[in-house]
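Keep the structure open as you read.

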Amino acid sequence: MSLASIQLKNFRSYSDASFTFHEGVNVITGPNASGKTNLLEAILLLCSGKTYRSTDVNDLINKDKPWARVDGVFGESQRTIKLTDDGKKKFIIDDKEIIRMQPKHNIPTVLFEPSQLQLLTYSPDMRRSLLDDVLSQINPEFVMVKKKYTQALRQRNSLLKTNNIGLIQSQIFAWNIRLSELASQYVQHRLEIIERINKTLSEDYSEIAGSQHNVYIQYSSAIDLDTYASAILHSLDTSLDKDIARGFTGTGPHRDDIIISINNKPLKAGASR
C-alpha cells in the first residue's frame, strides 16, 4: 500500500499544505528549515500513529494553534489524524473513528534518519529498539507481549525502590515468575525474527555491496538462551540484593544486545559508516 497524497493543516511548520506522490521513488528536496523532515514525520504518523521526534502532541501543532490535522490517501483507503492542544489524538480510518492505532492498522514503514548512523557503535538500546520496531510492525502478538513485559518490569522496579525488605520478600517471587514467563516469550520473538533475517541477509548485503560477504546477526544475552525462562528466573532470584541496591532489574530482554558481524568480524569493531 503506497501513499498517494497527504494534506497537512497546522502541523509543525505547515499551516495548510498538500503533496501528491508517484509510485516508485519520490525525492523530497528544499532548503534548510523548509519542512522536509516535518513532512516525513507526518507520513510516519499516518502510517503508525506515532512519530520519532516527540511524544508530546503539542510539539506537533503549529505554534499558537489549538489543533492540527493530517489527512492521507493510500490507494482506495483514507485516514485522518486529528491532534488537539489538550494532548489528545483522534484517528479516523475509512470514516471509522478509533481510539488508538492497533497493530492491524499499521502500514509497514522503514525510517532511516541521521542518528541511526550510530546504530552499530552506540548504546544497545538503539539496536533493541530497531529490532522491536520491526517486530511491532509485523507481529501483533509481540506488541502485546512487550506491553505486558514492560508493565511487569515497571511493577518489579517499583517494588525494588520501596526499600521495604519485608514487603519485597513477600511479593518479589510472584513478580519474578511473571517477568520470567514474559521475558521468555519476548526473547523468543526476537530470536525468530533474527533467524528469518539471517536466512537472506548475506545474499541481500552482497548484492548491494557488489561482492560476496557473510553477514550475520547474533542475539547477545547474559541469560542462557537455551533455557531462558528458568535461567532468568534463577538470575532474578540470585541478583535480588543487587537489584535492591540499584533500584532496578538488571537482567532481561531490556538489557540484551544484538551483534552484527561481517565475515566473522563484529561490525562495531571496525566497519565504516
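Start with K146 and D132, whose side chains meet in a salt bridge, with 3.7 Å from N to O. This is a predicted model, by the way. The two partners come from distant parts of the chain: K146 belongs to helix 3 (residues 140-160) and D132 to helix 2 (residues 124-138), 14 residues apart. D132 has a relative accessible area of 3%, so it is buried.

If you're wondering what brings such partners together, side chains of opposite charge can pair when their charged atoms come close. How many salt bridges does a search of the whole structure find? The number is ten. Three of them are listed here:

| Salt bridge | N to O distance |
|---|---|
| E41 with R12 | 2.9 Å |
| E41 with R53 | 2.7 Å |
| K146 with D132 | 3.7 Å |

Take E41 and R12, which form a salt bridge with their closest N and O atoms 2.9 Å apart. E41 lies in helix 1 (residues 36-48), while R12 is in the loop between strand 1 (5-9) and strand 2 (16-20), so this pair ties together parts that are 29 residues apart in sequence. Both E41 and R12 are buried.

E41 has another partner, R53, and here the closest N and O atoms are 2.7 Å apart. R53 sits in the loop between helix 1 and strand 3 (67-74), so its pairing with E41 in helix 1 ties together parts that are twelve residues apart in sequence. As for burial, E41 has a relative accessible area of 0%, whereas R53 is partly exposed at 39%. Through shared partners, salt bridges join R12, E41 and R53 into one network.

Now for the helices. Two packed helices are described by the angle between their axes and the distance between the axes. The axes of helix 2 and helix 4 come within 10 Å and cross at roughly 85°. That crossing falls in the 65 to 115 degree range, so helix 2 and helix 4 are roughly perpendicular to each other. Helix 2 brings R128, L131, D132, V134, L135 and I138 to this contact, and helix 4 brings Y186, H189, R190, I193, I194 and R196. Sorted by class, the contact has seven nonpolar, one polar and four charged residues.

Let's zoom in on H189, which is found in helix 4 (residues 165-209). Is H189 buried or exposed? Its relative accessible area is 10%, so it is buried. Which residues is H189 in contact with, leaving aside neighbours within four places in sequence? They are L135, N139, E141, F142 and V145.

Last stop: helix 5 (residues 228-238), whose buried residues are Y228, A231, I232, S235 and L236. Looking down the axis of helix 5, you'd see these buried residues fall within an arc of 135°, so they line one face of the helix. On the other side of helix 5, H234 and T238 are exposed. And what covers the buried residues of helix 5? The cover includes helix 3, helix 4 and helix 6 (240-246).

Note on methods. Residues are numbered from 1 along each chain as its sequence is written. This is a predicted model: local features need pLDDT of at least 70, side-chain atom pairs count only at pLDDT 80 or more; totals for chains, interfaces and linings use all residues. Side-chain values use heavy atoms; hydrogens and water are left out. Helices (H or I, at least four residues) and strands (E, at least two) are DSSP runs, numbered from the N terminus. Buried means under 20% relative accessible area, exposed over 50%, partly exposed in between (1.4 Å probe, protein chains only). Contact means heavy atoms within 4.5 Å. A salt bridge is a side-chain nitrogen of Lys or Arg within 4 Å of a carboxyl oxygen of Asp or Glu. Axes are lines fitted to C-alpha atoms, for helices over the stretch in contact, and angles run from 0 to 180 degrees between N-to-C directions. Angles under 35 degrees count as roughly parallel, over 145 as roughly antiparallel, 65 to 115 as roughly perpendicular and the rest as oblique. Ala, Val, Leu, Ile, Met, Phe, Trp, Tyr, Cys and Pro count as nonpolar, Asp, Glu, Lys and Arg as charged, and the others, Gly among them, as polar. The arc is that of the directions from the helix axis to the C-beta atoms.
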